Protein chains: 4
Amino acid sequence: MPLIDNETRGVFVIAVTPFTDDGAIDFDSLDRAVDFYFEAGADGLTILGMMGEAPKVTQAESIELARRVIDRAGERPVVVGVSSPGLAAIDELTRAVMDLGAGGVMVAPPSTLKTDDQIVGYFSLVAETLGSDVPLVLQDFPLATNVTISAAALNRIVTSVPSVAILKHEDWPGLAKISALRKAEAEGQRRLSILCGNGGLFLPEEVARGADGAMTGFGFPEMMVDVVRHASAGEMARARDIFDAYLPLLRYEQQPGVGLAVRKYVLCRRGIIASDTLRRPGNKLPPEAIAEIDALLSRQDARLKELG
Amino acid sequence: MPLIDNETRGVFVIAVTPFTDDGAIDFDSLDRAVDFYFEAGADGLTILGMMGEAPKVTQAESIELARRVIDRAGERPVVVGVSSPGLAAIDELTRAVMDLGAGGVMVAPPSTLKTDDQIVGYFSLVAETLGSDVPLVLQDFPLATNVTISAAALNRIVTSVPSVAILKHEDWPGLAKISALRKAEAEGQRRLSILCGNGGLFLPEEVARGADGAMTGFGFPEMMVDVVRHASAGEMARARDIFDAYLPLLRYEQQPGVGLAVRKYVLCRRGIIASDTLRRPGNKLPPEAIAEIDALLSRQDARLKELG
Amino acid sequence: MPLIDNETRGVFVIAVTPFTDDGAIDFDSLDRAVDFYFEAGADGLTILGMMGEAPKVTQAESIELARRVIDRAGERPVVVGVSSPGLAAIDELTRAVMDLGAGGVMVAPPSTLKTDDQIVGYFSLVAETLGSDVPLVLQDFPLATNVTISAAALNRIVTSVPSVAILKHEDWPGLAKISALRKAEAEGQRRLSILCGNGGLFLPEEVARGADGAMTGFGFPEMMVDVVRHASAGEMARARDIFDAYLPLLRYEQQPGVGLAVRKYVLCRRGIIASDTLRRPGNKLPPEAIAEIDALLSRQDARLKELG
Amino acid sequence: MPLIDNETRGVFVIAVTPFTDDGAIDFDSLDRAVDFYFEAGADGLTILGMMGEAPKVTQAESIELARRVIDRAGERPVVVGVSSPGLAAIDELTRAVMDLGAGGVMVAPPSTLKTDDQIVGYFSLVAETLGSDVPLVLQDFPLATNVTISAAALNRIVTSVPSVAILKHEDWPGLAKISALRKAEAEGQRRLSILCGNGGLFLPEEVARGADGAMTGFGFPEMMVDVVRHASAGEMARARDIFDAYLPLLRYEQQPGVGLAVRKYVLCRRGIIASDTLRRPGNKLPPEAIAEIDALLSRQDARLKELG
C-alpha cells in the first residue's frame, strides 16, 4: 500500500461516512463513494476527519471503515484521522490502520496547547510515539482546534519532526503561511507537501502560492481536481472560471456545523450515497435550506454548461 | 437627526476610517467616502465598528470622526459603535455621539459573558444605563466576540429590552436564526430589524429568510444595495446574478484580519480614499495579495459587463 | 453492585492510576490505593477522571482498570469517568463498565457547547443514549471544560433529565450555585446529590451551604472524610481546624497540571503506591518542588499533632 | 516622582477604588486607603488593575484617581494599569498619568494574541509607542487574559524590550516560570523584577524561588509585607507561620469575580473605607458569604494572637 510523503500532490478527498436511515453504517454507499471520488480524479482519500462524523462511530466501527476504504482504494493512498485527547488512543488507532495499509495518519493539535513550545513538543511526542515510519499529516485548522500555529512554530516542526510529511492547511487567513513556508524551503528548509482545506475556498490562490493540492471535502470533488490541475499548469483563467462556477455552493457548504448535512444532501441527490442521514446527534436540513441548495445547484448546472 | 428603529430597512455601510500615509485621519477622504456610500445607495452608515480601526483612534478622535460623518450624512442616520469592556466608557461615548446627532449606537457583548442569563443581563444593564431613548444595535458576531447568543437568549432580549432596535446579524452559520426570529414574531413577539453582516456573504439567502438588509462593509457597497433591493422584491435570480459576480472578491475580502487592508486597497484604487494606509499596528498588503486582488477585480469587471 | 443515586452522601475519592517506573499499570499499587482510600473512610471511588491520566490509557486498559477497582471495592460504589468528544465512545465505555458493576458514570460537557440550550440538550442526549437505568454524575468544571453552566441551565437539567443523580461541583466560584440549587429544592425541585471537587478547597463552606460531601482527589483523603463528617454534624470549628491544617498542602496540590505529580509524590512517600511515575507525557517534579512539598508535609505533621 | 525599574523590590498593593453608597468615588476613603497601605509597609501602589473596577470609571475619573493617589503617595511609586484593546487609548492614558508623576504603567496582553511572535510583537509595539522612558509592568495573568506566555516568549521580551521592568507574575501554576527566569539571568540575561500576584497565594514559595515581592491585593496587606520580608531574609518558618494564618481568608478572597466584594467588605470592617459598595454592575455579598467571612476573620484573629 502506498504511503504519503512530502512530495505528495493532487487532491485527497475527505470521504463522508454514509449511514442508513436508521443510523447503521451503509457500506454499499461507502463503496460507491470511494469509487466516485477516484472516478472524479482524486489522488487519495482521507477518512475520519475531525469535522465529520468520526466522533459518532465506535473504535471498532472506525477500524471497519478504514479496512473497507483501504481495500476499495487499492493502490491509491488513504489517510486516516486519528486525533484524540489521549496519546494512547492515537497510538492504538494508528497501529491498527497502518497494519490495514493506510498511507499515513492525520493529527490535529489538542485545544489545550497554547505556546509555540507546547505545539512543537506535542508533534515531537506524537512522532516519537508512533515511530518514524508512520507519515503524518499535520492538520492546521485553528477555527476548529482553537490552536494557532505560527509560521515560526511550523518551521520548527518541519525541521525537528521528519515524519511530518503533509500540512493540511486550513488556517484562515492562510495565504501568507503558504508563501512563508515556500520561502523557507527556497532558503534550504526541508520540503513539506501542502494540501489545502476549508472546502477549497481559496484553492486557486493557494495553488498559485505554491500549495500542492487539496485535502478537503466538497459535494463536487471534480471542481478541486480541475482547479488544482489547471492552476498547477499555470492556466489560472480556466482554474478561476471553474472555481467561480462552484463558489456559490461551496460558500454555502462551508458553513460550520451545517456543512456536512449539505454535502450529504448533494451526494445523495447525485445518487452516490443512498441516504443523507447524519448519525445522532445531527439535524435534518429544514425545507428552507433544501430550497436554497436546490436553487444553487440549478444555477451551478447552468453556469457549467455555459463554460463548457 | 433621524433615529434608527425596529422598522429600519436597507443597507447601512460600515464606513472605513481613512488615514494619510503618515497615520493622521484624512477628513477629506472621509467626506468623499461618505458621499460615495450614499451615492451607491446606502440608507445609513455605521462607524467605529469593532473589526475596523476603532481601537486605534483616541476617544477625542472618535468623537471628531462621529461629528464629521454625522454632519456630512445630513438627514441619513449614522450608527456609532461604542463597544468597550467598561460600561462607563460605553455611556460616555454614547452621550457624546447622541448629542452630535447619531441615529443609535451599536454594542457587542464582551467576551467574558458565558451563560444565557449573563448575556440577557448585560443588554438589560446597557439599556438601563444609556436610557430608553437611545436605540441600540445588538452586534451578534461570535467569531469576533467569542459569545454565542442562542435564539432563546435573543428572544428574551427582544422581549425584555425594548430599546434594542436592530440585530446586526453575523452569526455563522446564521440562516436558521433569522428564520427562528421571524417565526417568533409571527407568533406575536415584538419585531426586530435584522441587518446582516459578514460582508454580505449570505445576503441573498438572508433577505429571502426575512432579513431587512445589510449592515457591513465591502469595497463595492453597490452590490449590497442591489442584492437587497432585488431580493426584497422577490427577484432572486437577478439578486443572485449580481451577488455571484462579486462573490470571488467578497470571499477574498472576508478573510479575518486581512480584509480591511483589502477593502482600503479597493477603495483607494476606485479613487474614493487617497491612501490605503492602515494605522499602526497594521500591515501592508504583500505584492502577491495585490496581484490576486487585481486579478479578481479584472474578472469582476468583465463579469459585470456581461450581466449588463 | 451498589448504584449511586441522588441521596448519595460522603466522600468519593478520585483514585490515581499507579504506573511502574517504565510506564506499565501497577495493579498491586492500585489494589493498595483502593484499600487505603476505604480505610481512610471513603464512601466510594471515582476513576478515570478527566484531570488525571485517563487519556493516557487505552480503552482496553481503561476496562481493565475499572474491573480491578470495582472488584476490589466490593460493596462500595465506583463511578467511572466516560467523557469523550464522541457519544459513541461514551456509550461503548459506559456499557462495558456498567456490566462490570460500576455504580454510575461521570460525564463532563464537551468544550464545543456554548448556550444554555446546547448544554441542556447535550445531557438529555447522553441520558437518552445510555438509558434511564444508568445513574449519571454531571461534572461541572468550567476551568477545565471551558463550559459555564448557569444555575438556570442546571435547574433545567435536574428537571428534564432524571438520571442525573450527582453534581460533581467544581465551578469556581461556586458557593452561590450550591445555595441556589438547595433553594430550588426547598421550593419543590427534585433533589440532586452535590459532591464537591477542586481538591476540597472550599469544603467546610460547601458542606455548610448544603453539599453532601466531596468527589475529588487529595493526597490525604482522611482530611475530606473528617471535614465532611464534622461539618455535616454542624461541628464547624473542628471541621475548620482540620481543614486549615491541610490547607497549605491542598493549595499546593491544586495547581493545575502540576497537581497530579504532587499527589502521586505524596502517596508514594506515604507508602501507598510504589512509584510516583506519570505516564508520558508527564514531567518529573523538579528538586525545588520536592523540597517545597517536604517542607509543607513536615509543617502539616506538626500542626496535626498540635490539634490532636 | 520615583520610577519603577528592574531592581524594584517589596510589596506594591493593588489599591481598591472606594465608592459611596450611591456610586460616586469616595476620595476621603481613597486617601485613608493610601495611608493605610503605606502604614502597613507597602513600597508602592498599583491602581486601575484589570480585575478591579477600572472598567467602571470614565477616563476622566481614571485620571482624577491617578492624580489623587500619586499626590498622596508622595515619594513612593504608583503604577497605573492602562490595558485596553486599543493602542491609542493605552498611549493616551499613559501620557496623562506619567505627566502626573506615575512610576510606570502596567499592560496585560489583549486576548486576541495567540502565538509567541504575536505576544513578543505586541510588547515591542507598546514599548515603541510609549517611548523608552516609560517603565512597563508586564501583567502575565492567563486566567484573566486567556493569553499564555511561555518562558521562551518571556525571555525574548526581556531581551528585546528594555523598558519592560517588572513582571507581574500571576500565571498559575507559575513557580517553574520564576525558576526559569532566574536561571536565564544567571546565564547572562538582563534582570527583571518579579512581583507576584494572585493575592499572594504562593508567596512564600515564590520569594524562595527568587521573586522580589508582591504586586497584588488582599484585605490584609501586612501579611504580604511580613511574608516578603521574612522569606527574603531566609526566615521561611516565620514567613510560613504568618502566611498560614491568613491563608483560609486569602483562599476565600481569591474567588474570581467575588473576591473584590470580599476585600471591600474586609477593608470596610477594618474602618479603612466608608462603604463596601461596588459600582454597577456589582453584586452585594449575600448573608451566607458575610457569615463565612466573619467566621474566617475571627479564627484569623485568634491564630495571629497565638503566633504573637
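Hi everyone, a few ground rules before we look. Residues are numbered from 1 along each chain as its sequence is written, while chains are lettered from A and ligands numbered from 1 in the order in which they are written. Because the model is predicted, local features need pLDDT of at least 70 and side-chain atom pairs count only at pLDDT 80 or more, whereas totals for chains, interfaces and linings use all residues; side-chain values use heavy atoms, with hydrogens and water left out.

Let's start with chain A. It has 12 helices and 8 strands, where helices (H or I, at least four residues) and strands (E, at least two) are DSSP runs numbered from the N terminus. Its radius of gyration is 18 Å, close to the 19 Å that the globule rule gives for 308 residues, so chain A is as compact as a globular protein of that length. That radius is taken over C-alpha atoms, and the rule is 2.2 Å times the number of residues to the power 0.38. The C-alpha trace spans about 50 × 45 × 35 Å along its principal axes.

How much of chain A is buried? Of its 308 residues, 63% count as buried, meaning under 20% relative accessible area with a 1.4 Å probe, protein chains only.

Now please turn to chain C. Here β1-β2-β3-β4-β5-β6-β7-β8 form a closed barrel of 8 strands with parallel pairing; two strands pair if DSSP finds at least two bridges between them. For example, β2 (residues 44–47) and β3 (residues 78–81) of chain C are joined in parallel over 3 bridges. Within β3(C), Val79(C) is the bridge partner of Thr46(C).

What packs on this sheet? Helix α3 (residues 87–100) of chain C does, touching β3 and β4 (104–107) of chain C, and its direction makes about 150° with that of β4(C). Helix α7 (residues 175–186) of chain C also packs there, touching β5 (136–140), β6 (164–169) and β7 (193–196) of chain C, at about 170° to β7(C). Touching means heavy atoms within 4.5 Å, and the angles, from 0 to 180 degrees, are between N-to-C directions of lines fitted to C-alpha atoms, for helices over the stretch in contact.

Terms used: Buried < 20%, exposed > 50% of the residue type's maximum accessible area, 1.4 Å probe, protein only.
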